Amino acid sequence: MKTSPSSLRTFALTGTIALLAPSLRAEEPVDFSRDIRPILSDRCFKCHGFDDETREADLGLHTFEFATEDLGGYQAIKPGDPDASEIMVRMMTDDPDDVMPPAKANKPRLSPEELDLFRRWIAQGAKYQQHWAFENPVQADPPKVTDPKVAVRNPIDQFVLARLAGENLSPSPEAEPHTLIRRLSLDLIGLPPTPEEADAFARAYAAEGEAAYSAAVDRLLDSKHYGERWARKWLDLARYADTNGYEKDRPRSIWPYRDWVIDALNADMPYDRFSIEQLAGDMLPDATVDQRIATGFHRNTMLNEEGGIDPLEYRYYAMVDRVATTGTVWMGLTIGCAQCHTHKYDPITHVDYYAMMALLNNADEPAIAVPDPEVAAKQATSEKQIAKAEAELIGKIDPAKYDAWLAEQKAKAATWIALEPATLESNLPRLEHEGDGVVFASGDFTKRDVFTLTYDLSKIDQPITALRLEALPDERLPANGPGAAYYEGRSGDFFLSEVKAVAGDEAVAFSGASNDFGKIYIGNGSAAAENVYDGNGSTGWSTATGEGKPHELVLNLAAPIDPAKAGKLEIELLFERHFVAALGKFRLAATTSTHPVAARALPPVDPLTAPDQDLRLAYARTAPEMAEDRKPLAALENRRPEFPTTLVMQERPADNPRPTHVHHRGEYLKAEEEVAPAVPRVFPPLPEGAPANRLSFAKWLVDPERNPLAARVAVNRAWHAFFGRGLVATAGDFGLQSDLPSHPELLDWLAVEFVKRGWSMKELHRLIVTSATYRQDSSVTPSLIQRDPGNVLLARGPRFRLDAEIVRDSALAASDLLSEKLGGPSVYPPQPSSVSEAAYGSPKWKPSPGEDRYRRSLYTFAKRTAPFAAFLTFDGPTGEACIAQREVSNTPLQALTLMNDGMFTEAAAALADSTLSGLGPDPVESKRIAAELFRRVLTREPDQSELTDLVNYYEGQLARLESGELAPEKIAGEKTTTAAHAAWAMVARVLLNLDEAVTKG
């Protein structure tokens, strides 16, 4: 409803402005982006912003055109005339019916200073500006630094020093060498330096200065552990986990994607290529296996396996997650807010959201085998062993029994004619004839899929007496098929509920059926062949546990079909289960045999045409009398090595695109208007002529001329990792609700420089860590903590608690337990069994043996519904959502974990043992042992008071152990542990629990 001004309100406005007149500074220009838009975004845009559907009073304040529109003789904002601007009236009135923001908004009224800004801005013309983050970054010249007393190592320092000078602050001195190398090592490879490495750096730095520092940076950037450290940061964004999530939260195999990230980072793959391969690697020309593995980024979404869920609904929710994640990672925008309505604060419309979804939505989601030379070698060995076992088994055949079996099989055998489908229809999946009667189903499946196929019978000249349905494996299907099941049941399974046939216009009746194999995996009942025509959709045929192998179902006809009379045969296959259970690949054949026929024991072996060797093997594999003889062969086959698998994206065929619709209110069931794929309209469109698909979108996201955000967001994340705070405080939100950058010119300079240096992440990291800003001492003075408690101005070095994984890895490294092994499947470090037992099904957590027990924390099995307890205590992610920046808390649970968790007590015992054995035979002076323990944990040399405290603690605990108050074996875990060893283990526990041990400073 439109409003109109009143003379009373105008009088109130004039009077109030008169009272403010002494504070007005009309000569100072007001910056819209810095001074005005943040207020509008916070107080006004929710009701008077971008969303057409919820905009109140027909008033928009988000653009100049809306804000200055004629509202019937007056304007909300009249440029040059604040007294005639209704917005000023509403902001200043005391009338509860008119005041803005209204009380129901729960927003504070504008302060006198804010009102002053608005009045001056309107008086100066009320100029609107594009949001800073939506403008392409421009690389300004670094400010000149004339003070010879401050260090300038690269342009970063020039921007930081200029800001400090404007605040009358000076930078802190450089940190001492042992602190520098510890900081560098923790930041670049996620591990502390050894005392020897720290001492060597300190000596070299004293002698060679900058050259030694640069060499240390190069060494760490070249380390294989660099990729591991920075992969963990990326996996937070990718919402990586080793399980599906939701209720059942079953394991999934996607660790090859994690290995791809590690390898890509170690190889310094340019960030633009790194991004494109993860979003659309499968669409690149001649895509490699590695590029397909990279698309696991968007396969990290959760998969619901609860009974009765609609798989297409949860696929939609996965797409919702993918759109939001893409917006966070490459655009730094909360695009997910537009799922249900036009964004309240950013210029992202409801239609924009689904147009962006359409760019990502046209992909299928298979699993692929990952070639592995080691596995391939094991497979070759296994095949030789199996071939030998088969030969030995054949040698044990009783000739008479074999001859009788073969005669029986030939008597039952029939000649089968593969039927070529004339038409193929389904409720949703795509059916494609691939030749020789083989039909392949792909695309989206449901819990009730119906395949209807018609066959031309004109080429058959004898009555048809039976039909055969072959269920065929295929590597394109889950677990190689033959079914399309991918959740809830067994991957690759199917459930054929009913088969109906119509010849000409007459229904076909069946008089008997057989199958080569049948097994139901979930639920009760048999998988008898007759189930498929009993009229009961809850019964059927399935071949669970027989995935990856061909199977067949033979249906005898109650009366023969006369092909000439019928002309055509229509077959309807119903697949109905509480999960997707359609066949993925199959073939229908007919026979004109005049005797009853049955399914073969092994479908590939035709007794009329197969070689004798194949027939003998078929007999040996199936004959009941040879069950005991074939056990060695079965054991070998059960141990046959398989290539690991991983989840990937695969673009759908051009002739079978998946449509995307606008979902009103974001609800799955309210899919309405179809929407064309496009990027949000506030940005430049896809290049002219580029197909509107996932690959073009991926390239657009890292096109500096079209997406002004990708480079900014990436360098800001890097800055946050090094300093504990980004140049933009909200790493995942560069929109209108975000804080302005603390150093806008530096942010843009880095963004442009990042692109100029070939999107090299290692070069970006090198640039940051070689700056004098990064190398400052992190000590805090009382005046500095008062002026800048969050270190926004960067007048000191970074100091904050380490990530959860680095806390554990540092303890393992200090104790010489850490495994150097790179990559591979996830492992299970020790943790209380109660953690996983609380999850669905109470799964056991069996600690990994050998070195896998001490792998880097990056490789710890990540279960979404029961995250690794110690990591969760230190704010580690669950993998359920994209995390742009972790929370950093400080709780008593963290101290309790470090002191009592078996993982850390084991590390402490190993640290004491390794330290004592490294110092040589007894006796060794207690202060020397204490100093060595201290340095292995904290890098630096202890001072005398610290040494005294540690030795006193050691002696006190030793007395308790020797008196029997404490048991050495309970402290250090070994029955042979001496009291002295146990006492030093207790000292090690204290050191691992120090704030300094878990803090980068």
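Predicted model: local features only at pLDDT ≥ 70, side-chain atom pairs only at ≥ 80, totals over all residues.
Two packed helices are described by the angle between their axes and the distance between the axes. Here the pair is helix α11, residues 224–238, and helix α12, residues 255–266. Their axes lie 8 Å apart and meet at an angle of about 125°. That angle makes α11 oblique to α12, because an angle over 145 degrees would be needed for roughly antiparallel and one of 65 to 115 for roughly perpendicular. The crossing of α11 and α12 is right-handed.

From α11, the residues that make the contact are K224, Y226, G227, E228, W230, A231, W234, L235 and A238. Helix α12 contributes Y257, R258, V261, I262, L265 and N266. Sorted by class, the contact of α11 with α12 has 10 nonpolar residues, together with two polar and three charged ones.

The second topic is the cysteines. A disulfide is a covalent bond between the sulfur atoms of two cysteines. Searching the whole structure turns up zero disulfides. C44 is in no disulfide, and the nearest cysteine sulfur to its own belongs to C47, 8.9 Å away. The sulfur atoms of a disulfide must be within 2.5 Å. For C47, likewise in no disulfide, the nearest cysteine sulfur is that of C44, at 8.9 Å.

How does the accessibility of each cysteine classify it? C44 has 9% relative accessibility and therefore counts as buried, the limit for that class being under 20%. C47 has 22% relative accessibility, so C47 counts as partly exposed.

Technical notes. Residues numbered from 1 in each chain as written. Heavy atoms only, no water. Axes fitted to C-alpha atoms, helices over the stretch in contact; angles between N-to-C directions. Helix = DSSP H or I, 4+ residues; strand = E, 2+ residues; numbered from the N terminus. Parallel < 35°, antiparallel > 145°, perpendicular 65-115°, else oblique. Left-handed = near helix turned anticlockwise from the far one by under 90°. Contact = heavy atoms within 4.5 Å. Nonpolar A, V, L, I, M, F, W, Y, C, P; charged D, E, K, R; others polar. Buried < 20%, exposed > 50% of the residue type's maximum accessible area, 1.4 Å probe, protein only.
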